[in-house]
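Please look through the structure below before reading on.

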Amino acid sequence: MSTPARQRATAFAPASVGNVAIGFDIMGFSVDALGDRVTVSVRDTPGVEILATRGVADELPREPRNNTAGRAVLALLEALRPGFGFSIEIDKGIPLGSGLGGSAASAVGAVVAANALLPQPAGPLELLKFALAGEAVASGGRHADNIAASLFGGLVLTVGIDHPRVKQIPVPAGVRAVIVHPHMFLATARARAILKGSVELSDFVWQTANLAGFISGCYTSDLDMIRASLEDVVIEPQRAALIPGFHDVRRGAMEAGALGCSISGAGPTMFALSTDATAPAVLAAMRREFARQSLATDEWVVEMRPTGARVIG
Ligand code: HSE
């Protein structure tokens with residue numbers, strides 16, 4: 001057994017918006033306004049135990065293999081074999097089934113905290129792979145959009161799964177993300193299960209152009225290009241019916257001056273990008289349309305700063 005670097009660490013992992021409309025499963029941005037805190041302690045016995053789950057979602061599975069944080073830390077232990085085990089406590093700040101990357105944040109927070117205890121810590125791309133194993137428990141698929149955004153921070157593109165390459169994309173000055181979370185639950189696995197397995201060629205071309213246009217718009221601070229390309233013509237039409245008032249919320253945001261508006265991850269949270277000046281009107285319109293559906297909301301206006309998960313104690 002090697003000697004742990006320390007006995008206990010707590011990490012904060014931010015929430016995230018997956019897909020960002022046109023980057024299904026490959027792009028996301030972090031939302032530092034809320035997140036999960038995960039505390040990991042060394043234990044002599046190998047393996048993982050979940051000691052406690054608290055916060056806005058306290059009924060998470062306690063069996064490590066069925067828990068996103070537990071499964072991620074098991075993946076870390078299986079790969080690195082430090083000779084000791086870990087106990088995990090999870091303080092959820094992200095509601096379950098909100099589309100704000102809650103399962104990813106728990107997995108990311110757990111591996112970042114566990115890593116701080118290792119005598120020879122793993123690098124960020126290894127942590128990404130361990131956290132991916134955790135995310136798969138909740139969503140039924142391996143996708144890095146929320147994981148990479150929460151781990152690295154900012155607007156993040158991931159290419160590849162087994163050998164991922166991660167790029168933090170610059171966000172033009174003054175661009176804000178408006179995030180509106182209606183108080184309802186939507187299981188990611190359900191929102192994935194309804195998706196068709198194939199894409200029309202014309203939609204493939206359109207979506208590819210939109211992703212390329214959005215990323216080039218970000219690199220060149222071309223807001224007109226971002227406005228023209230931030231439109232999901234593949235996934236959003238299939239999921240819109242899962243979110244009450246989706247079309248009205250989107251229309252309200254666009255009429256208020258948003259650069260684009262779509263579903264955050266698998267939903268039901270919706271996000272819009274806008275300039276700093278129009279963000280309050282965009283937020284008000286989105287809130288108003290959800291209220292017309294009798295849905296109360298939580299809202300945030302955030303910058304997409306490249307600050308990801310970190311050890312806080
Ligand atoms: N990319 C994922 C999806 C995010 O849209 O299903 C949710 O975990």
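Which residue takes a positive phi just after helix 4? In this predicted model, the residue is Gly-153, with a phi of about 90°.

Helix 4 itself spans residues 145–152 and is mostly covered, with 8 of its 8 residues buried. Buried here means a relative accessible area under 20%.

Is Lys-129 buried or partly exposed? Its relative accessible area is 35%, and therefore Lys-129 counts as partly exposed. Leaving aside residues up to four places away in sequence, Lys-129 touches Ile-161, Asp-162 and Pro-164. A separation can also be given for Lys-129 and Leu-74: the two are 55 residues apart along the chain, and their C-alpha atoms are 12 Å apart.

At the level of the whole chain, the protein is divided into domain 1 (8–168 + 306–311) and domain 2 (175–302). The contact between them takes 29 residues from domain 1 and 34 residues from domain 2. Their C-alpha centres lie 24 Å apart.

The size of an interface is often given as the accessible area lost when the parts come together. For domain 1 and domain 2 this buried area is about 2,200 Å², and carbon and sulfur atoms give 70% of it. On the domain 1 side, Ala-21, Ile-22 and Phe-24 supply 27% of the area buried against domain 2, more than any other three residues.

How many salt bridges does the rule find across the interface of domain 1 and domain 2? The count is 1. Among the residue pairs of the model, Arg-192 forms a salt bridge with Asp-25, and the closest N and O atoms of this pair are 2.8 Å apart.

The last stop is a nonpolar patch on the surface. Val-199, Leu-201, Phe-204 and Val-205 form this patch, and together they have about 420 Å² of accessible area. Phe-204 lies in helix 6, which covers residues 201–219. Because its relative accessibility is 49%, Phe-204 counts as partly exposed; the exposed class begins over 50%.

Note on methods: Residues are numbered from 1 along each chain as its sequence is written. This is a predicted model: local features need pLDDT of at least 70, side-chain atom pairs count only at pLDDT 80 or more; totals for chains, interfaces and linings use all residues. Side-chain values use heavy atoms; hydrogens and water are left out. Patches are made of residues with over 30% relative accessible area and no salt bridge: like charges are joined within 9 Å, nonpolar side chains (Val, Leu, Ile, Met, Phe, Trp, Tyr) within 5 Å. Accessible areas come from the Shrake-Rupley method with a 1.4 Å probe; for residues, only the protein chains shown count as cover. A salt bridge is a side-chain nitrogen of Lys or Arg within 4 Å of a carboxyl oxygen of Asp or Glu. Helices (H or I, at least four residues) and strands (E, at least two) are DSSP runs, numbered from the N terminus. Buried means under 20% relative accessible area, exposed over 50%, partly exposed in between (1.4 Å probe, protein chains only). Domain bounds come from an automatic or database domain assignment. Contact means heavy atoms within 4.5 Å. Buried area is the accessible area (1.4 Å probe) that two parts lose on being put together, summed over both.
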